[in-house]
Amino acid sequence: MNRREFLRAGLAGGAAMALPETFHAMARAEQTTPALTPRADAMILIWLPGGIAQTDTWDPKKFTPYEKGMKGSQLLGTCPIIPTAADGIQLGAGLENMASVMDKCTILRSLTSEVKFGAIHLKAQYYAMTGYLFPAGVKAPSIGSIIARARGRRDPNVPAYIYIGRDIDTSDNEKLFISEYIGPGFYGINYAPFMIPDPARGLDTLYAAAGMTRDRLDRRQTLMNAQTRLSPRAVLDSPKAADYLKAMEDARAMMDSPVKSAFDYRKEEKPETLAAYEPQIRENELRDSSYYYGQRFAHGCLLARRLVEAGARFIQVEYQYGPFKGFDMHDYGQQRMVEMKKQIDRPIAQLIRDLHERGLLERTLVVIATEFGRTIAAQPAAGVEPDGFAERKTGENLIIDNEKMYGFHGHFSTCSCMLFFGGGFKGGYVYGKTADEHPMQAVEKPVPLIDVHATIYKAMGIPADHHYVTEGRPFYVTKDGKGRPIDDLLA
């Protein structure tokens, strides 16, 4: 310890002794480590933004085929209901692969929200990813960053938080906002996600540019460190500067680490394994061929499994969100849902099978989530409804005149579903129940998002009141530290 560090430590210690006990606790918060015994060592979050129609997927309702002139109140489900590997659990048709692994799943069918997000997807997504309503007063960290900080790295060479499937784009305000709520918030750059936009090109981020040898790269890093030491003292003492330097060092270490082999899945996996992850529909078979991320998503699921094997702590795989694209359906809902199921059903199911067969599922939590559910529309066309328009509608006044209107085109913040595989959760289990008629609100065991987050964190060994200090006050992993885990979901 040099003189400067000694004086700094002495002054900090003297100041702490003069503080009331409340502030002693806040000062110690930065050093707090979770006290719970974790059920899971790693987590994969399958993020399907856009608002999934739960009545056609995880909480299917009576199939009501299209009839010209039918009322919205008659439309309960646009697909048949199929059995699954778990007694008493049914899914919507088109999810036959996932049906085969439902004996390993807990379905939460009564995820509720008192906040009606209306037409605003991004605010609902911010809430789902952070547990805080926007604006939160500070930059709220995402689930991935929270787990990365609280649990740290499983392997020193593998980033604790890896994000697969989202393009890196700073030219669009909407995408910049998304980067905020999937990011580290006030935690800082050391807990930011390692971004892999396209799994097939994942190796690009770990290789130097053409002509850049390892020796040359090392010389550049040595020069940068030498120049940094010449910086003003204010810069040298800056925590943010130290964070960025550490990020550079970590990135350099990864370039030489064995983790790179995780990205080489095309060479190392058997052809039959690669085929098992492939989507069941191609770009040229879609109604809108300009928006297709099926293969990227599928390969993301395979890469997620390989990264868990390599020692990753938290991985998020996204089917990239786009307004009025993907699961954000405001017309032709039935036809588009068929297309989307063909893109996600096989890869998710194969991910679960692979983890189970390799003995990883017990200690790996896989969560499937979206920002809200869907219901029948209140108007013939999207974009003209007031906020919260569909939450209370029965559909009696909506006439479905054509197949473009046949589907669930209304946002339904009131109730949605979430799925959990492995990681200490029960298998073959359903929690909560919703009404069979519109509006399909929770009629048994409603669960707010804050308690869902608390349950996830408990499985990962993180208390709901775990916190770090920012702006002189504690900021909790669940709002105000008041999340209550749903122990009935846990094995």
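Tyrosine 319 is buried at 2% relative accessibility, where buried means under 20% relative accessible area, exposed over 50% and partly exposed in between, with a 1.4 Å probe and protein chains only. The model is predicted, so local features need pLDDT of at least 70 and side-chain atom pairs pLDDT 80 or more, while totals for chains, interfaces and linings use all residues. Residues are numbered from 1 along each chain as its sequence is written, and side-chain values use heavy atoms, without hydrogens and water.

Rings of Phe, Tyr and Trp (its six-membered ring) pair if their centres lie within 6.5 Å; planes under 30 degrees apart count as stacked, over 60 as edge-to-face and the rest as tilted. The count by this rule is 19 aromatic pairs. Two of these pairs are tabulated.

| Pair | Centre distance | Plane angle | Class |
|---|---|---|---|
| Phenylalanine 177 and tyrosine 181 | 5.6 Å | 75° | edge-to-face |
| Tyrosine 291 and tyrosine 319 | 6.4 Å | 50° | tilted |

The tyrosine 291 and tyrosine 319 pair links distant parts of the chain, 28 residues apart. Tyrosine 291 is also buried, at 12% relative accessible area. Phenylalanine 177 and tyrosine 181 are four residues apart in helix H6 (residues 173-181), and therefore separated by about one helical turn; helices (H or I, at least four residues) are DSSP runs numbered from the N terminus. Phenylalanine 177 is buried at 18%, and tyrosine 181 at 1%.

Ring pairs also join Tyr132, Phe186, Tyr187, Tyr191, Tyr468 and Phe475 into a cluster.

Methods. Helices (H or I, at least four residues) and strands (E, at least two) are DSSP runs, numbered from the N terminus.
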